[in-house]
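Please read it with the sequence and the coordinates at hand.

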Amino acid sequence: MQATAIGTVAVTIILLGSFLYIRAAFVHLGNDVFSQIEISTYVDTSATTAQEDRIRTALARDPRVLSVTFVPKRQGLAQLRARMKGQIDTSLLTENPLPDKFRVRVRDAQEVPAVAASIQKLPHVQNVEYGQQVVQRLLQLASLTRRVGIAVIVLFVLVAGIIISNTIRLTVFARRREISIMQLVGATNMYIRMPFICEGLLAGLAGAAAAVGVLALARASLVPKIELALPWLQVNAVSVDVWALVLQLFAVGAAVGVVASWIAVGRYLRT
Amino acid sequence: MISLRGVSLVYPNGVRALDGVSLEIGKGEFVFLVGHSGTGKSSLLRLLYREMAPTNGQILVDGIRVDRLAHRRVPALRRHLGVVFQDYKLLTDKTVWENVAFALQVTGAHTRDVQRQVPRALDLVGLAHKSRMYPNELSGGEQQRTAIARALVNNPKLLLCDEPSGNLDPANTTEIMELLRRINLKGTTVVVATHNQAVVDRMRRRVVRLDNGRVITDEERGYYFLGLGQDQILSG
């Protein structure tokens, strides 16, 4: 019976923990990605140096802009060559097809779309890119997980609570003879309750511990695999506050254990 | 010590266990409650330790209005009484010592009080040498004596016994009743509900007879059967 309760809490907390972890990872990823966003401003290839300078000044003057880096076409080509090494033989090019570009970094990631729009309006700016698709997707995902998160957490906790409660009720029922003898001898309800509350607490903590163990193992074994499959994701760089999460999971386990057993015993004692 | 006035008890299923019972039991008395099964003896005792509340009437135990007692005060009441049952009601996973100690521990007594009073109670019932044994290792008589020790460990003024010899053979019964007599001599009020004729006739104490939930006789030195009270000798 104990094993069932502990197992249930463990599974629930594993799910909860994974969920929280992934959610936190997404948030961090989102933040990291945001902070890395650069607006690539491609200059019209026919623009003169003076006109390019005017673009640079305009960019620098924008208070929302953090930094502006100029990448002349020659440098751009060299970078391209390095990235595409082996895939394309760039010596076949007779002239440099790349435009000059400015890499613009913004102070507040939320402003990126607005800044990009205003840059587009500058004269001789051919193209402005900042990975719109990715950013939009991430923003949507972040807000979705936030909303779904609360509902899911509540559901998980409820389920774990109900199952622990039922397990404790079975235990209470099995020990009803002892309980009635205790009552006849003059034990107060609190006195009778205490051992059961402790059991519930331990079940909750044990479940949480098991869950944390499993999650840690999962993380250790899965992360390398994810890194191989999706190198751009950079999972390890995601600095989720693990200890805070572990603490939260234990707290949840303990709380669920105590509350569920309190209710379970209380129901019996009141009859 | 105990005072019942116009006490009635009707069970939820409609059975009238007690009907207008009035009874006074003084301190230090030894009283038998007799009658067929189902005449209300056990019900009366249950009202005294507040396992149930009466439908009507007033009950006073050592000055406490038991009929009007709030649920949360019931444990305190029970700690001031001793109750002994036909089926002993011992905790099977605890030793003799632990069973008796338990009654003290629930009152929040200090360990040194427990260490002091448990042996005293065990000595009283003559089970000190078996304090480490478990109920299933004891005879019926020994288990009942353990239960009595537990009932007494808090030095209650009142001891309620609901068919204490019900599961015991005559020899054990005699032992137990002798024990109760001695306890009574020390000043504890003892009320015994029983349908053991031999015991009642041998001890010749106050006998309160119940029938259909009513007190029909109340004799000082009574016999089990009606019509044999007041020192009348059974002839033939």
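The numbered points below treat the chains, their contact, and selected packing and backbone details.

1. The model is predicted: local features need pLDDT of at least 70 and side-chain atom pairs count only at pLDDT 80 or more, while totals for chains, interfaces and linings use all residues. Residues are numbered from 1 along each chain as its sequence is written, and chains are lettered from A and ligands numbered from 1 in the order in which they are written.

2. Chain A has eight helices and four strands; helices (H or I, at least four residues) and strands (E, at least two) are DSSP runs, numbered from the N terminus. Read from the N terminus, the elements of chain A follow the order α-β-α-β-α-β-α-β-α-α-α-α. Of the 271 residues in chain A, 24% are buried. A residue is buried if 20 or more other C-beta atoms lie within 10 Å of its own, exposed if 12 or fewer, and partly exposed in between, with C-beta atoms placed from the backbone. Among the contacts in chain A with a separation of 6 or more, 87% link residues 24 or more positions apart; two residues are in contact if their C-beta atoms, placed from the backbone, lie within 7 Å.

3. The four strands of an open sheet in chain A are arranged in the order 2-3-1-4, with antiparallel pairing. Strand 2 (65-71) and strand 4 (125-129) of chain A are the edge strands, each with a single partner strand, so one side of each has no neighbour in the sheet. On average, and with direction ignored, neighbouring strands of this sheet are turned by 20° against each other. Strand 2 and strand 3 (residues 101-106) of chain A are joined in the antiparallel sense by six bridges; pairing requires that DSSP finds at least two bridges between two strands. Val71(A) is opposite Lys101(A), which belongs to strand 3 of chain A.

4. Helix 2 (residues 49-61) of chain A lies across strand 1 (38-43), strand 2, strand 3 and strand 4 of chain A, and runs at about 160° to strand 2 of chain A. Axes are lines fitted to C-alpha atoms, for helices over the stretch in contact, and angles run from 0 to 180 degrees between N-to-C directions.

5. Leu16(A) lies in helix 1 (residues 2-36) of chain A. Leu16(A) is buried, with 24 other C-beta atoms within 10 Å. Leaving aside residues up to four places away in sequence, Leu16(A) touches Ile153(A), Phe156(A), Leu249(A) and Val252(A). Leu16(A) and Phe156(A) are 140 residues apart in sequence, and their C-alpha atoms are 6.8 Å apart in space.

6. The contact between the chains takes nine residues from chain A and 11 residues from chain B. On the chain A side, helix 6 (residues 176-185) of chain A gives the largest share, five residues. By class, the chain A side has six nonpolar, two polar and one charged residues. Ala, Val, Leu, Ile, Met, Phe, Trp, Tyr, Cys and Pro count as nonpolar, Asp, Glu, Lys and Arg as charged, and the others, Gly among them, as polar.

7. In chain B, the axes of helix 4 (residues 111-125) and helix 5 (residues 140-152) come within 9 Å and cross at roughly 135°. Helix 4 and helix 5 of chain B are therefore oblique to each other; angles under 35 degrees count as roughly parallel, over 145 as roughly antiparallel, 65 to 115 as roughly perpendicular and the rest as oblique. Ala121(B), Leu122(B), Leu124(B) and Val125(B) of helix 4 meet Arg145(B), Ile148(B), Ala149(B) and Leu152(B) of helix 5. These contact residues comprise seven nonpolar, no polar and one charged.

8. Most residues other than glycine have a negative phi. Glu163(B), although not a glycine, has a positive phi of about 50°; Glu163(B) is in the loop between strand 7 (158-162) and helix 6 (170-185) of chain B, and is buried, with 20 other C-beta atoms within 10 Å. Asn212(B), also not a glycine, has a positive phi of about 55°. Asn212(B) is in the loop between strand 9 (206-211) and strand 10 (214-219) of chain B, and is partly exposed, with 14 other C-beta atoms within 10 Å.
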